[in-house]
Amino acid sequence: MTFDSATLEMLKAGLFDTLFMVFLSSFFAYLIGIPLGIILVVTDKEGIYPIPWLQKVLGIAINLLRSIPFIILLILVLPFTEFLLGTTLGAKAVVPPLVIAAAPYVARMVESSFREVDGGVIEAAKSMGASTMQIVWKVLLPEAKPSLLVGAAISITTILGYSTMAGFTGGGGLGDIAIRYGYYRYETGMMLVTVAVLVIIVQIIQEAGIKWSKKSDKRIR
């Protein structure tokens with residue numbers, strides 16, 4: 001493998017496409033996942049506003065989506081992606097399936113973070129007459145913030161892993177480069193380079209998540 005200008009430009013474009021897919025998908029996944037996670041916790045039979053049937057139905061739907069392997073989901077939603085964006089190729093075409101796959105995962109991560117909040121704090125807010133929305137915004141979200149940040153780092157790295165599979169359907173990014181050159185052309189060097197870049201991205205995201213989590217954790221100040 002030769003690192004000429006064309007190769008470097010290809011890796012640069014692949015890196016940009018990967019970051020574009022991951023962070024745009026993460027944004028929309030959290031836009032959907034946070035409300036879902038809140039509903040799962042609030043409507044639990046022991047939650048702030050119990051609606052057990054809603055919590056159960058939503059939980060089943062989320063589990064069903066989470067159980068579909070991403071590579072299969074990627075293929076299943078190709079017609080929807082083409083209808084929505086007019087294409088099934090390129091980085092932007094990977095965003096819809098990434099969001100569909102990641103939103104349920106994010107919802108469970110958010111639910112897990114909220115369940116770590118001390119029940120005594122919630123009961124204290126209730127006793128002071130706080131409404132459900134006030135408890136969510138002024139108690140649950142602030143108290144769960146450190147855990148949410150760690151969960152975000154885990155979720156984003158998981159989405160990064162999903163994005164690499166998009167190369168099998170022409171999705172672009174570093175995964176596409178690894179598959180085209182490392183798998184089809186047997187250029188091991190190129191595959192190792194893309195893997196190394198992906199590992200570096202994961203480490204940066206994880207370290208940033210842990211650092212921000214520690215800064216926001218009132219218990220260690």
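Visitor: Leaving aside neighbours within four places in sequence, which residues is M191 in contact with?
Guide: This is a predicted model numbered from 1 along each chain as its sequence is written; local features need pLDDT of at least 70, side-chain atom pairs 80 or more, and totals for chains, interfaces and linings use all residues. Side-chain values use heavy atoms, leaving out hydrogens and water. With contact meaning heavy atoms within 4.5 Å, the partners of M191 are A178, G182 and Y183.

Visitor: How is M191 classed: buried, partly exposed or exposed?
Guide: M191 sits in helix α9, residues 188–216 (helices are DSSP runs of H or I, at least four residues). Buried means under 20% relative accessible area, exposed over 50%, with a 1.4 Å probe and protein chains only. At 30%, M191 is therefore partly exposed.

Visitor: How far apart are the closest N and O atoms of D176 and R180?
Guide: The two are four residues apart in helix α8 (173–184), so about one helical turn separates them. D176 is buried at 11% relative accessibility, whereas R180 is partly exposed at 30%. They form a salt bridge, the closest N and O atoms lying apart by 2.9 Å.

Conventions:
A salt bridge is a side-chain nitrogen of Lys or Arg within 4 Å of a carboxyl oxygen of Asp or Glu.
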